[in-house]
Amino acid sequence: MMRKLTNLFSKEQSIKFENGEIDINKLRKRAEKYYRDGDFYCSEAVLKVIKDGFDAPYGDDIIKLASGFPVGMGRSGCACGAVTGGVMALSMFFGRDEAKSLKVKKSMELAKELNDKFAEKRKVCCCKILTRGMELGSKEHMEQCIEITGELTEITAEILARELGYKVLPKEKK
């Protein structure tokens, strides 16, 4: 049974569907476009697209929370910003909002799943290692980070679709 969430603010309608269906390809492409066009960095793009696509009951002010995470937490090279954006997006739905709430266990379980799925492909979640040898802002760096932003949006959306009972529309053939 799909969990019904009421959106309190307007959003772009082109990335979500009625009847509990979600097009993860469109979510991924939107996140990649936000990054490519310079609208948002990785963490912000993932959080924004997931918020909009899954009708999270938050306004765009929540994107501010992700603004310190790009380039491995404010350019320090630590955790990949797209990974932190994905974790924040999962926590919008499954994080705790009361002291000592056990909801934190579900949020942590899903965050670990996201981390593990990304690390399975990329081997690490550290921005400094993922971008080793690349000049910040270079074409190579941008292409990789655009791809990673899309990838993390896709992983996050797949987890949320499963957990919230959304039907995932078939992926486009390449």
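This section describes the fold, helix packing, local backbone features and cysteines of a predicted model.

The secondary structure of the protein chain comprises seven helices and two strands. In sequence order these elements follow the pattern β-α-α-α-α-α-α-α-β. The chain contains 174 residues, of which 49% are buried. Of the contacts between residues at least 6 apart in sequence, 68% join residues at least 24 apart.

Helix 4 spans residues 81-94.

Two packed helices are described by the angle between their axes and the distance between the axes. For helix 1 (residues 24-36) and helix 2, the angle is about 145° and the axes are 9 Å apart. The crossing of helix 1 past helix 2 is right-handed. On the helix 1 side, the contact involves Leu27, Arg30, Ala31, Tyr34 and Tyr35, which meet Cys42, Ala45, Lys48, Val49 and Gly53 of helix 2. Classified by residue type, this contact of helix 1 with helix 2 has seven nonpolar residues, one polar residue and two charged residues.

Backbone geometry was also examined. Most residues other than glycine have a negative phi, and most peptide bonds are trans. Asp55, although not a glycine, has a positive phi of about 55°. This residue is located in the loop between helix 2 and helix 3. Asp55 is buried, because its relative accessible area of 14% falls under the 20% limit. Val71 is likewise a residue other than glycine with a positive phi, in this case near 55°.

Glu154 is placed in helix 7 and, at 13% relative accessibility, counts as buried. When neighbours within four places in sequence are set aside, Glu154 is in contact with Ile24, Arg28 and Lys171.

Finally, the cysteines were considered. A search of the whole structure identifies zero disulfides. Cys126 takes part in no disulfide, and the nearest cysteine sulfur, belonging to Cys78, lies 6.6 Å away. That separation rules out a bond, because a disulfide requires sulfur atoms within 2.5 Å. Cys126 is partly exposed, with a relative accessible area of 25%. Cys145 is also in no disulfide, with the nearest cysteine sulfur, that of Cys127, at 5.9 Å. Cys145 is buried, its relative accessible area being 11%.

Definitions and conventions: Residues are numbered from 1 along each chain as its sequence is written. This is a predicted model: local features need pLDDT of at least 70, side-chain atom pairs count only at pLDDT 80 or more; totals for chains, interfaces and linings use all residues. Side-chain values use heavy atoms; hydrogens and water are left out. Buried means under 20% relative accessible area, exposed over 50%, partly exposed in between (1.4 Å probe, protein chains only). Helices (H or I, at least four residues) and strands (E, at least two) are DSSP runs, numbered from the N terminus. The expected span of a helix is 1.5 Å times one less than its number of residues. Axes are lines fitted to C-alpha atoms, for helices over the stretch in contact, and angles run from 0 to 180 degrees between N-to-C directions. A crossing is left-handed if the near helix is turned anticlockwise from the far one by less than a right angle, and right-handed if clockwise. Contact means heavy atoms within 4.5 Å. Ala, Val, Leu, Ile, Met, Phe, Trp, Tyr, Cys and Pro count as nonpolar, Asp, Glu, Lys and Arg as charged, and the others, Gly among them, as polar.
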